[in-house]
Structure formats: structure tokens, C-alpha cells
Amino acid sequence: MNKNCKNYIEWWLEQEKLRTNKGLPIKITLAGIKLSVIPQVFLPSPLQTHSTPLLIKNIKHHNFTGKTVLDIGTGSGVLAIYSALNGASLVIATDVDDYILHHAESNAYLNKVTNIHFINSNLFESVNNKYDYIFANGPISPESWSEKKLSGHTILSYGETLFSQYRHYLTDEGVMFMTFAEFGPIEAFYKTLQKNSVIHKEKREKKFGVWWSFHEIKK
């Protein structure tokens, strides 16, 4: 890991420590979506990360009207809410913690969205059907996410499960969206893509001195 990545991770962990110690929700607005983000949930603020902002920037040309959407590991609910506000006919948002799901649902109501179904699921375990769009904007850094937070997965096993199973839940013309960054296990990430013959388009941007990548993945 290069110096910029190490510096970013150290800074990010310090910001997370301060946020957790305060124990209070952080209120932000992202892509016009109002969020109250509890300490247990990843904070998608552009002041602290480029993963969620990069993803939203690169999906704006996609038409969500009448589409079915699966948001894996919804966290604050921002991507599920974005989908609903942009005309999705069905949105399923999952997480492994009922408390987190409750707060994601509260964020949906905050944005006057009532048509998202929130379900407890570890990746695809409790998911049925096929979807036009899947969000899998999951954890990147092993320094930041323990196996306990990942419900028994490691960063690598999360990716292996995701890339070996996603085709079962994607429509023939569907797309899965995700981001990655160079401070993650990047070599293993691309090897897992290759191992599972994943077809993907990638766009890269530099923020906080670190390269971030957005991925559109097809069946």
C-alpha cells in the first residue's frame, strides 16, 4: 500500500473514531437526498469518501423508471432512496442488522419514499427474483471492516460470494454497480473478477490522493 493510501486510511479511521465517540447521527445531503447517518453505518459524505459520490455520478445516465433494483448492504439507504426517487418500480434494500435497516427506512421516510422493501439478508441469502439493477457498493478496506462487521465474511470472501452468485439475481440486460479503491486488496479483487469471468466497464478518478474505480458489471 502506498503512502497516500496509508495516510487516507489513517485519517479516515480517525474521523470514524470521532464520529463513533460522539454517538450521534450525522446529517448530510447527497445528490439531493437528506440522510441521518448513525455511527454504525458507513458515512457516504463526499468530505470523507469518494465511493458513493463516484457511483452516483456514474449512474445518472441510466434510466431507473419502471426498473427493479436490489441494494445489497444498504447502510444509510442512500442508493435505494436514489432508485425510488428516480422512478424504480420495485426496490429491495438489504442489510445484516435490523437496527441499521430501521434507520435506513427512517431516511426513506425523511425523503418521502415509502415503496422500498427493507429485508435482513447476508448478501444474497434472503433474496429472491432477478433485478434490472443491483447495487453492491460494499466494504473495500480490510483495515476498516472486521469479519464481525461483515457478518462472518472477510473482504475477499465477500467478493468471491458476490461475483460467483450475482448472475442468478440479474436480468439478462441488467447491470450491477459497485466501486473499489486502491487501498483495498486490489490484486485479489481483479483476480476474482477474472476467475468468475466477470464482464465489466471501469472508470477511475483520483480523490484524497487515492485512485477510486467505478464498475458496471453485466451478466
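The legends below describe close-up views of a predicted model.

Local features are taken at pLDDT of at least 70 and side-chain atom pairs at pLDDT 80 or more, whereas totals for chains, interfaces and linings use all residues. Residues are numbered from 1 along each chain as its sequence is written, and side-chain values use heavy atoms, with hydrogens and water left out.

**Figure 1. Overview of the chain, with 6 helices and 9 strands.** Helices (H or I, at least four residues) and strands (E, at least two) are DSSP runs, numbered from the N terminus. The radius of gyration is 16 Å, close to the 17 Å of the globule rule for 219 residues, so the chain is as compact as a globular protein of that length. This radius is taken over C-alpha atoms, and the rule is 2.2 Å times the number of residues to the power 0.38. Along the principal axes, the C-alpha atoms fill a box of roughly 45 × 40 × 35 Å. Of the 219 residues, 52% are buried; buried means under 20% relative accessible area, exposed over 50%, and partly exposed in between (1.4 Å probe, protein chains only). Among contacts with a separation of 6 or more, 66% join residues 24 or more positions apart, where contact means heavy atoms within 4.5 Å.

**Figure 2. The largest nonpolar core, with 66 residues.** A nonpolar core is a set of buried Ala, Val, Leu, Ile, Met, Phe, Trp, Tyr and Cys residues joined through side-chain atoms within 4.5 Å. I116, L162, F163, F177 and F183 touch the most other members. Strand β7 (residues 170-181) gives the most to this core, with 7 residues. In soluble globular proteins, nonpolar side chains tend to be buried together.

Figure 3. Neighbours within four places in sequence aside, F163 is in contact with M176, M178, F189, T192, L193, N196, V198 and I217. T161 lies in helix α5 (residues 155-165). Its relative accessibility is 18%, so T161 counts as buried. T192, one of the residues in contact with F163, has its C-alpha atom 9.9 Å from that of T161, although T161 and T192 are 31 residues apart along the chain.

**Figure 4. Helix α2 (residues 51-59), a mostly covered helix.** Of its 9 residues, 8 are buried: S51, T52, P53, L54, L55, I56, N58 and I59. These buried residues pack against helix α3 (78-85) and against strands β1 (26-30), β6, β7, β8 (199-207) and β9 (210-218).

Figure 5. K112 is exposed, with a relative accessible area of 76%. N129 lies in the loop between β5 and β6 (131-135), and at 60% relative accessibility it counts as exposed.

**Figure 6. E14 in helix α1 (residues 3-22).** With a relative accessible area of 39%, E14 is partly exposed. The C-alpha atoms of E14 and F183 are separated by 16 Å, and the two residues are 169 residues apart along the chain. F183 is among the core residues that touch the most other members.
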